[in-house]
Amino acid sequence: MQSQQNYKKIIKRKILVLLLFICVCQSVSTHAQKEYVVVLDAGHGGHDPGNLGSGYKEKSIALKVVLKVGEKLKRYKDVKVLYTRKKDVFVDLWKRGDIANHAKADLFVSIHCDSHTSNAYGAGTFVLGLRGNKKNLEIAKRENAVILLEDNYRDKYKGFDPNSAESVIGLSLLQEENLDKSLAIASLIQNNFTFKLKRNNRKVKQDNFQVLRETIMPSVLVELGFLTNKKEGRFLNSRNGQLKMANEIANAIYNYIKNLKLNTITESNIIRNVNQTIDFKVQIASGKNRIATKSYNFKGLKDIERVSFSGLYKYYYGATANYRSVAVALKKAKSKGFRSAFIVAFKNGKKIPVQEALKIQQN
């Protein structure tokens, strides 16, 4: 009798796995046939020239590179390319994000050139974040200063002062659910710059650029290099330099899209999804520095978890399967001074939206 019951359980389990397999295969098939919308944003434009290091115009170089990236991506049938601008016109920062959001874009890439009072050089890629060192903060303030050129900017940005460090740091992180994907595409772009073009690696960093804050999909901001460095400025102002940078950005974007399509399905993966394990955690910090998870490094908070991802480290606190408990942990983390802390959710170790995790637990 016991043997017969076990046999029935095995049969039911196999039927369930088969049904799940069919459903997931259909989902992946749709995903594989999907047209991926990429919005390319050339920084500045019109009456906003951007930086003018060594006599070169950031707005012109950014536009030329963006158009070259778009030309290459358009060769792929599964990629749809949209632009925030295709000529020398000024586009409000909020409008750039609005274009991407309205198009339900899968990816937003904003392209710029950097400047500095020193002879700094090299390419860097940024994703949205609240924390940054003083140098990155100055870059964010300079990029965000474009807001002052917009009509009614006080109403649109709710009194945001781009010259205030407090305002920059205080910008809310709207892309927490897309951060991992943003880091993934940023790493692909940065690796191409570093290893294929041999550009000086200024690495992937997090900062609070307003243009990224306005988007609701994975987004990155690329700093092609420093126009204030005469040699680098010459390279970026040349057709050859622009073509090389554009090719590597386009290659990285398409590799990112190919990675999204590679959803490998196995019976073991599907079976694990039958018994879904949900975990909540509080992300209290992230950055490039590897910090010992001792309580004295985190204002007395204990049981800190450190996870490495694409050259950055994330620090989690208060891991639990109970949402009420993690909400208490969040309150405690903020009381300790981690004002930008937020709740994240994981299903079987993979990050998912918090609302999705709550729905799974309710079922």
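In which loop is Ser 54 found? Ser 54 is placed in the loop between strand 1 (36-42) and helix 2 (58-73). Helices (H or I, at least four residues) and strands (E, at least two) are DSSP runs, numbered from the N terminus. The model is predicted, and for this reason local features need pLDDT of at least 70 and side-chain atom pairs count only at pLDDT 80 or more, while totals for chains, interfaces and linings use all residues. Residues are numbered from 1 along each chain as its sequence is written, and side-chain values use heavy atoms, with hydrogens and water left out.

The protein contains 13 helices and 11 strands. It has 363 residues, and 48% of them count as buried. Buried means under 20% relative accessible area, exposed means over 50%, and partly exposed lies in between (1.4 Å probe, protein chains only). The accessible surface of the protein is about 18800 Å², and 51% of this surface belongs to carbon and sulfur atoms. Accessible areas come from the Shrake-Rupley method with a 1.4 Å probe; for residues, only the protein chains shown count as cover. Of the contacts between residues at least 6 apart in sequence, 78% join residues at least 24 apart. Contact means heavy atoms within 4.5 Å.

The largest nonpolar core has 46 residues. A nonpolar core is a set of buried Ala, Val, Leu, Ile, Met, Phe, Trp, Tyr and Cys residues joined through side-chain atoms within 4.5 Å. The residues with the most contacts inside this core are Val 69, Ile 111, Leu 224, Ile 249 and Ile 253. Helix 10 supplies the largest share of the core, with 10 residues. A second, separate core has 24 residues, including Ile 278, Ala 285, Tyr 317 and Ala 329.

Leu 224 lies in strand 6 (residues 219-226). Leu 224 counts as buried because its relative accessibility is 1%. When residues up to four places away in sequence are not counted, Leu 224 touches a list of residues that includes Ile 61, Val 65, Ile 111, Phe 193, Leu 236, Met 245 and Ile 249. Leu 224 and Glu 58 are 166 residues apart along the chain, and their C-alpha atoms are separated by 9.9 Å.

Ser 110 is part of strand 3 (residues 107-114). With a relative accessible area of 0%, Ser 110 is buried. Apart from neighbours within four places in sequence, Ser 110 is in contact with Asp 41, Val 211, Val 220, Leu 221 and Val 222.

Helix 9 (residues 230-237) and helix 10 (residues 239-261) have axes that come within 4 Å and cross at roughly 80°. Axes are lines fitted to C-alpha atoms, for helices over the stretch in contact, and angles run from 0 to 180 degrees between N-to-C directions. Helix 9 and helix 10 are therefore roughly perpendicular to each other. Angles under 35 degrees count as roughly parallel, over 145 as roughly antiparallel, 65 to 115 as roughly perpendicular and the rest as oblique. Helix 9 contributes Phe 235, Leu 236 and Asn 237 to the contact, and helix 10 contributes Arg 239, Gly 241, Gln 242, Lys 244 and Met 245. By class, this contact has three nonpolar, three polar and two charged residues. Ala, Val, Leu, Ile, Met, Phe, Trp, Tyr, Cys and Pro count as nonpolar, Asp, Glu, Lys and Arg as charged, and the others, Gly among them, as polar.

Two residues were examined for their backbone angles. Most residues other than glycine have a negative phi. Ser 54 is not a glycine but has a positive phi of about 60°. Ser 54 is partly exposed, with a relative accessible area of 37%. Lys 203, also not a glycine, has a positive phi of about 70°. Lys 203 is found in strand 5 (residues 201-207), and it counts as partly exposed at 48% relative accessibility.

Ile 291 is located in the loop between strand 7 (278-287) and strand 8 (305-309). At 32% relative accessibility, Ile 291 counts as partly exposed. Leaving aside neighbours within four places in sequence, Ile 291 is in contact with Asn 297, Phe 298, Arg 306 and Tyr 315. Gly 318 is found in strand 9 (residues 312-320). Not counting residues up to four places away in sequence, Gly 318 touches Phe 280, Lys 281, Val 326 and Ala 329.
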